Amino acid sequence: MKKLAIVVAGGPAPGINSVIGAATIRARLSGVEVLGIQDGFKWLSEGDISHVVPLTIEDTSRIHFRGGSYIGISRANPTRSPEHFQKTLDALDRLDVGMLLTIGGDGTATLAQIISEKTRGKIRVVHVPKTIDNDIDLPYDVSTFGFQTARHVGVEIVKNLMVDAKTTHRWYFVVAQGRKAGHLALSIGKAVGATNIIIPEEFQKGCPVPFNHVVDILAGSVIKRLAYGRQDGIVLLAEGLADCIDPEDLAKHTDIPRDHMGNVHVAEINLGEVLEKAVKERLAGLGIKATLITKYIGYEVRCADPIPLDMEYTRDLGYCAARYIIEGGTEVVVSMVNGRFQPISFQDMKDPATGRPRVRLVDVDSDRYKIARSFMLRLKRQDFDNPEELARFAKAVRLTPEAFREQFHHLVKDEPEVAVDVELGLAAKAPVEPTGGPAK
């Protein structure tokens with residue numbers, strides 16, 4: 001029988017070692033030789049097969065407790081060059097690989113399919129979806145592995161920041177990883193009860209959004225909080241928000257890095273600092289001096305030791321991936337739904353318009369998001385409809401209610417008139433803004 005090779009590509013996520021270990025154990029018990037391809041496709045794309053290690057049960061049976069990748073990782077993509085891709089195929093052939101288990105995101109899944117197609121099925125491929133962004137289009141409510149651990153660790157970080165914020169009377173702008181979707185920012189922010197959460201999905205119908213609109217959302221939270229006697233707060237921002245802001249607006253405040261295709265590299269934009277500076281200037285113009293601090297969450301959570309949920313989940317994925325490919329399966333993404341293995345074909349995950357795997361975005365029409373939105377402390381339509389509230393906020397910045405309305409009403413002009421609680425079928429009474437208690 002041909003050998004099974006395991007390769008990890010993309011960025012780290014908690015649970016990689018669990019997949020590697022479980023897949024190795026399942027394969028070795030079936031008499032299949034397993035190879036660990038070190039550092040993703042980096043060496044194979046150069047035709048170098050010296051960076052390959054045999055994987056055994058003895059070597060891998062206890063690696064599932066730890067984060068990181070036992071065999072390394074890289075973002076090397078051999079399909080960017082015909083020469084590198086051919087060297088990759090030749091290297092796999094010299095290694096006598098007939099089965100390839102890839103661990104990665106949507107780009108790695110696409111690469112795996114191309115390998116299968118170009119070898120005409122000579123190399124069977126199965127992909128295990130990995131990203132803390134949670135943006136791979138798996139069945140409803142099925143997380144990509146690593147996401148739950150990233151949220152757990154992220155919550156612990158933000159909890160500490162919340163105590164610091166209240167103690168020192170400052171605001172933290174926490175930017176969470178999320179290249180295209182706001183799942184991580186929303187889930188961390190909702191769990192800790194953040195003062196505000198801004199994700200790109202809320203602007204789906206209005207992209208690109210003006211830079212000053214986002215600045216005013218943040219300034220509005222600071223003003224509203226101050227009007228209730230608090231000088232501290234926590235805001236969660238998804239890094240993908242940078243891709244939703246009008247690029248011409250954004251370019252006035254920072255350099256915009258782009259790739260050879262003209263796509264914005266959102267991870268390279270210091271979104272937190274750019275917004276921090278702009279919000280400080282906006283508030284200063286209203287006579288408010290606020291202490292704003294930017295904090296990024298991403299690298300701290302990617303290689304964390306997996307929590308038990310991810311540990312068990314990824315061992316299931318590794319086991320099922322190895323079993324499926326050994327039994328002749330190919331060109332699928334592995335998933336677990338309600339405790340049962342469910343293979344999803346590469347074709348079923350493709351977006352017909354792009355030919356690439358679909359991106360799973362936060363559903364802003366879901367009750368889950370509406371509940372989160374109802375807890376956020378931001379200027380809302382009802383604030384402008386309530387003369388007493390409007391006067392309270394205007395007083396905080398030494399403006400008349402009319403002047404305050406003129407400057408900030410644009411934030412709510414497209415907001416639905418129906419309160420969130422009404423939409424959820426609950427009591428129609430508008431929620432009362434908190435005046436004390438735990439820091440939000």
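**Helix packing and loops in a predicted model**

Let me start with a contact. Asp216, Ala219, Gly220 and Ile223 in helix 7 meet Phe404, Gln407 and Phe408 in helix 15. Contact here means heavy atoms within 4.5 Å. By class, this contact has four nonpolar, two polar and one charged residues. The classes run like this: Ala, Val, Leu, Ile, Met, Phe, Trp, Tyr, Cys and Pro are nonpolar, Asp, Glu, Lys and Arg are charged, and the others, Gly among them, are polar. Helix 7 covers residues 211-227 and helix 15 covers 401-408. They pack at about 145 degrees, with axes 11 Å apart. Axes are lines fitted to C-alpha atoms, for helices over the stretch in contact, and angles run from 0 to 180 degrees between N-to-C directions. Helices (H or I, at least four residues) and strands (E, at least two) are DSSP runs, numbered from the N terminus.

Now the ground rules. This is a predicted model, where local features need pLDDT of at least 70, side-chain atom pairs count only at pLDDT 80 or more, and totals for chains, interfaces and linings use all residues. Residues are numbered from 1 along each chain as its sequence is written, and side-chain values use heavy atoms, with hydrogens and water left out.

On confidence: pLDDT is the predictor's confidence in each residue, from 0 to 100. The chain mean is 90, and 92% of residues reach 70 or more. Over residues 426-440 the pLDDT is below 50, and this stretch has 36 contacts in the model beyond near neighbours in sequence. Where pLDDT is low, the predicted coordinates should not be read in detail.

Next, helix 5, residues 147-168. Its 22 residues reach 31 Å from first C-alpha to last, close to the 32 Å expected at 1.5 Å a residue. The expected span is 1.5 Å times one less than the number of residues. Which residues of helix 5 are buried? Among them are Phe147, Ala150, Gly154, Ile157, Val158, Leu161 and Ala165. Buried means under 20% relative accessible area, exposed over 50%, partly exposed in between (1.4 Å probe, protein chains only). The cover over the buried residues of helix 5 includes strand 6, strand 8, strand 9 and helix 11. Histidine 169 follows helix 5, with a positive phi near 60 degrees.

Helix 9 spans residues 271-284. It has 14 residues and reaches 20 Å, close to the 20 Å expected. Its buried residues include Leu271, Val274, Leu275, Glu276, Ala278 and Val279. Helix 7 comes back here: it is part of what covers the buried residues of helix 9, along with strand 6, strand 8, helix 8 and strand 9.

Two loop residues. Aspartate 96 has a phi near 65 degrees, positive in a residue other than glycine. It lies between helix 3 and strand 4. At 31% relative accessibility, aspartate 96 is partly exposed. Aspartate 141 also has a positive phi, about 70 degrees. That one sits in the loop between strand 5 and helix 5.

Then asparagine 17, in helix 1. Asparagine 17 is buried, at 4% relative accessible area. Leaving aside neighbours within four places in sequence, its contacts include Ile63, His64, Arg66 and Tyr70.

Last, the cysteines. How many disulfides are there? Zero, by the rule of cysteine sulfur atoms within 2.5 Å. Cysteine 303 is partly exposed at 41%, and cysteine 320 is buried at 7%.
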